[in-house]
Amino acid sequence: MSHPLYPANQPPPGEAPSAGEGPSAGELLPGGEPLSAGPAPDGRGDVESRVPQTSWPPWMAPVALVAAIVFAAIGGLVIDIPAVALGAKIRGSHVPPGLEIADTAVQDIAFVFVACVVASLGGRRVYAWQFGLRPTSLWRAVRLAVGAAIAFLVFLLMWSAFVQTSKEKLLEQLGTSESTLLLVMSAALTCVIAPVCEEFLFRGFIFGSLRNWRGPWPAAVLTGILFGAVHAGSAPAADLVPLAVLGFALCLLYERTGSLYPCIALHALNNSIAFGSLEGWSVLGVLGLVIASLGTITLIALGLIRSGVIPRRPPVAGPDLQPISAGG
């Protein structure tokens, strides 16, 4: 990657380190982004979440989405062409399950790659915490995530009562019924990789970019619509509206918590329940998948924190910061 995420605990190349951990309070990064703030007491035992008011202009959002789709297609060809040369049979829209999983994984990785590259345009420095990979108040995040989940569930029940939806065929394309290996790989792709990568692009970057245009509410609506639209082809048409509503709810969750972690967790929870339900698993089976998915995501986050890519805590608050929420 030509523009990787700079380690959170190291200064960019050519810049002197500050006295404390990470850059100093209120310091502007080379691209013009002010530093993010950590959780700050609000006098009621809760915290006020803040994120940096980045210099990402709104036009970066559609550019990133189009580039992500293009890179996903190119990445799929990079996987498929050698596979065909080695004897894989691709006929029309039918792709062997193993290749389908590989293609989708490349697509998701392209989301992260493109977000980082587009965010770095104009010489901007790119840090993980700018995309919401930063700590937040645990119990407040849990309360807000549960509220978002309940609101989405109520909408989903109302939608299902009026709109007849067909069974999603994505898992059949991934070959979950053909072998245990394909089942495990499909679960990892659907419940771990997709939530992380999609949240990084849509909430972490696209919502953050559009938020600089007309504020959080229009940005949440537009991001939700884009999130639903990008699933066209992989999900039944009737499911695109609920997906857009889910994308909207995840934007509001990010807006209130200032962290991408609750969004990733709720996204993984939704996908795990949907995966288990489509596979006809028992409640205990679905619960096991939820625990495995959230546990894997936690281990990935801890590994990135330990390596220094994600900060253990965001830089200290400064005067140039944009609050994401004014309270509980």
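Biologist: Which residue lies over the face of Phe227?

Modeller: Keep in mind that this is a predicted model. At 4.5 Å from the ring centre of Phe227, and over its face, lies Arg203.

Biologist: And ring against ring, how many aromatic pairs are there?

Modeller: Rings pair here if their centres lie within 6.5 Å. By this rule, the count of aromatic pairs is twelve.

Biologist: Take Trp56 and Phe205: is that pair stacked, edge-to-face or tilted?

Modeller: Their ring centres are 4.8 Å apart, and the planes meet at 55 degrees. Stacked needs under 30 degrees and edge-to-face over 60.

Biologist: Are Trp56 and Phe205 buried or exposed?

Modeller: Trp56 and Phe205 also belong to a cluster linked by ring pairs, along with Phe131 and Phe200. As for cover, both Trp56 and Phe205 are buried.

Biologist: What about Phe275 and Trp281: is Trp281 buried, partly exposed or exposed?

Modeller: Those two rings form an edge-to-face pair, because their planes are at 65 degrees, with centres 5.7 Å apart. Phe275 has 1% relative accessibility, so it counts as buried. With a relative accessible area of 31%, Trp281 is partly exposed.

Notes. Residues numbered from 1 in each chain as written. Predicted model: local features only at pLDDT ≥ 70, side-chain atom pairs only at ≥ 80, totals over all residues. Heavy atoms only, no water. Phe/Tyr/Trp six-rings, centres within 6.5 Å; stacked < 30°, edge-to-face > 60°. Buried < 20%, exposed > 50% of the residue type's maximum accessible area, 1.4 Å probe, protein only. Lys NZ or Arg CZ within 6 Å of the ring centre and 35° of its normal.
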